[in-house]
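Try each task before you read its solution.

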Amino acid sequence: MTDSYDLVVIGSGPGGYIAAIRAAQLGMKVACVEKYTRLGGTCLNVGCIPSKALLQSSEKFEEANHTLASHGVKLSGVSLDLETLLARKDKVVADITKGVEFLFRKNKVTWVQGTGKILGAGKVEVALTAGGSQTIETKAILIATGSDVMPLPGVEVDENQIVSSTGAIAIPKVPKHLVVIGGGYIGLELGSVWRRLGSEVTVVEFLDRITPGLDLEVGKQLNRQLSKQGIQFKLSTKVTGAKKTKSGVTLTLEPAAGGAAEELKADVVLVSIGRRPYTEGLGLAEAGVALDDKKRVKVDGHFQTNVPGIYAIGDVIAGPMLAHKAEEEGVVFAEILAGQKPHLNYDAIPAVVYTWPEVASVGKTEEEVKASGVEYKVGKFPFLANGRAKANGDTEGFVKFIADAKTDRVLGCHIIGPDAGTMIAECALAMEFGASSEDIGRTCHAHPTLNEAVKEAALAVAGQALNM
Ligand code: FAD
Ligand code: NAI
């Protein structure tokens, strides 16, 4: 049986499903091929959404145990019901992925359940989940197959004693000692979850700092905060092997620069050293689709690969592996395909680490600006001097603006503090409009709000902060 479409999207993550919906809104006949039993990709099923559900629940447990008493709310007999906590997370995932099915029906996007393989421009073969296969003819093909866990040789993931993020969002018993390999987004977020739930957590990081892509000052502050909370860090350290026993895993560690080895025992090990583009079984080589040096699908400014009619977006191409980046690319791709002329500003894509305090950033780090040779000014404001943060009892962290010394245009904004992830939207919007720090400093912000710290940090660029 052969069906024919304007667009076939392979993969239903935030890149693929959003591209499919936008293309359908623009009048195209669209099919989305997804091999998993649910729509939504990594983000909705095993990534952003379940990890945030666990961060939220574990934060409530932490509050009940440690912070509510300082607000005069006394609790006794606080205990953890891990089964309910995990079941809640599963329900959130089930509901939100059903939501994507609803959106597909509403927009008349056909979900072809199975594994897609590109036979060449205009032809996709699907090994159907229900059995058999189907060939689809289409004017355009969009590869949105996302990414997968980066393996660490010698530390094989079994999703039981040695887990990836997928296993780490479903550990059935709080591990006594969780060792996290890699101090990036996943390690710090999921490390925080299990630390709050009662695990001793050790993070082993190859570099001499955590969160390598972030502004250094902010990264250092995050390291201090998480250490204060009890997470232990072994920086400049590499894992050279893992031995599994019935009771746990013994890791062999060595200084990154070489030196004497030591052993570290863990009940569970989380491998979170990054993700790699997922292109397995897609038939790219046969179809002649070129990859770049990091095995990502190579595209031009219009998301087209070297084969006309075959496009790619999201984690499988270059750029930050973030859900909102994939979504924006999905929208822009569909609009280009429809003949429109949209633009995506890669300089204004925010990034958030959902620890507590949260870390959020947009634009360039101070190190990047310094390296570019542009003269710049920095404005900083601490949450300790913000009325709402004080009222909330959440005063850790600061807002930092970096602005061009000559034009005052905002080049970057970095926030570590309560709800930083929500606050960064204002800075992304400002950068999208090419704002100066003065523009933000002169914008009236409601009082008392955490966002007043953003205004004050912008004022601080010219040395005009009012409450400091
Ligand atoms: P994916 O979401 O990976 O979707 C790809 C889909 O393609 C999958 O469903 C897969 O089954 C399907 N597929 C692959 N090959 C085929 C085939 N041949 N045929 C049919 N289907 C196929 N990002 C954020 O911005 N914020 C966060 O808070 C955040 N938290 C995260 C937490 C974790 C634990 C992880 C692992 C990731 C997190 N991310 C987060 C990253 C985010 O999940 C990804 O950037 C995003 O999912 C990428 O979207 P995508 O559409 O490119 O691909
Ligand atoms: P990451 O790239 O964020 O961090 C990996 C860390 O591991 C780095 O600090 C790196 O230096 C370190 N590392 C690499 N090799 C190592 C080794 N052999 N031994 C010890 N440390 C090593 O990758 P992570 O945490 O796996 O997450 C993957 C991606 O998923 C992120 O880059 C991000 O794009 C996305 N993500 C986004 C989230 C968010 O937006 N809040 C949350 C979770 C994931």
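**Exercise 1. Is Val73 buried, partly exposed or exposed, judged by its relative accessibility?**

Before the solution, a word on conventions. This is a predicted model, in which local features need pLDDT of at least 70, side-chain atom pairs count only at pLDDT 80 or more, and totals for chains, interfaces and linings use all residues. Residues are numbered from 1 along each chain as its sequence is written, chains are lettered from A and ligands numbered from 1 in the order in which they are written, and side-chain values use heavy atoms, with hydrogens and water left out.

Step 1: locate Val73 in the loop between helix 3 (48-67) and helix 4 (82-106). Helices here are DSSP runs of H or I with at least four residues, strands are runs of E with at least two, and both are numbered from the N terminus.

Step 2: apply the cut-offs, where buried means under 20% relative accessible area, exposed over 50%, and partly exposed in between (1.4 Å probe, protein chains only). Val73 has 38% relative accessibility, so Val73 counts as partly exposed.

Step 3: look at the surroundings. Val73, Leu75 and Val78 make a nonpolar surface patch of about 210 Å². Patches are made of residues with over 30% relative accessible area and no salt bridge, with nonpolar side chains (Val, Leu, Ile, Met, Phe, Trp, Tyr) joined within 5 Å and like charges within 9 Å. A salt bridge is a side-chain nitrogen of Lys or Arg within 4 Å of a carboxyl oxygen of Asp or Glu. The areas come from the Shrake-Rupley method with a 1.4 Å probe; for residues, only the protein chains shown count as cover.

**Exercise 2. Examine the backbone at Pro357, Pro448, Glu159 and Ser236.**

Step 1: recall the background. Most residues other than glycine have a negative phi, and most peptide bonds are trans.

Step 2: check the prolines. Trp356 and Pro357 are joined by a cis peptide bond with omega about 0°, and Pro357 sits in the loop between strand 17 (351-353) and strand 18 (358-363). From His447 to Pro448 the peptide bond is also cis, with omega near -5°; Pro448 belongs to the loop between helix 13 (437-441) and helix 14 (452-460).

Step 3: turn to phi. Glu159 is not a glycine, yet its phi is positive, about 60°. Glu159 lies in the loop between strand 6 (147-149) and strand 7 (162-163) and is partly exposed at 36% relative accessible area. Ser236 has a positive phi near 50°. Its place is the loop between strand 10 (232-234) and strand 11 (237-244), and Ser236 is partly exposed at 32%.

**Exercise 3. Which residues come nearest to ligand 1, and which atoms of Pro14, Thr42 and His324 face its oxygen atoms?**

Step 1: find the shell, taking a residue as near if one of its heavy atoms lies within 4 Å. There are 38 residues around ligand 1, and Glu34, Thr42, Lys52, Gly116 and Ala323 come nearest.

Step 2: list polar contacts, which are pairs of N or O atoms within 3.5 Å; within protein, one must be able to donate a hydrogen and the other to accept it, and residues adjacent in sequence count only if both atoms are side-chain atoms. A side-chain N or O atom of Thr42 is 2.6 Å from an oxygen atom of ligand 1. For His324, also through a side-chain N or O atom, the distance is 3.3 Å. Pro14 uses a polar backbone atom, at 3.4 Å. The protein covers 93% of the 1000 Å² of accessible area that ligand 1 has on its own.

**Exercise 4. Describe the surroundings of ligand 2.**

Step 1: count the shell. Ligand 2 is surrounded by 23 residues, the closest being Ile186, Glu189, Glu205, Met321 and Val352.

Step 2: find the main supplier. Helix 6 (residues 185-196) gives the largest share of the shell, four residues.

Step 3: A polar backbone atom of Tyr185 is 3.1 Å from an oxygen atom of ligand 2, and a backbone N or O atom of Phe206 lies 3.2 Å from a nitrogen atom of the ligand. Taken alone, ligand 2 exposes 830 Å², of which the protein buries 79%.
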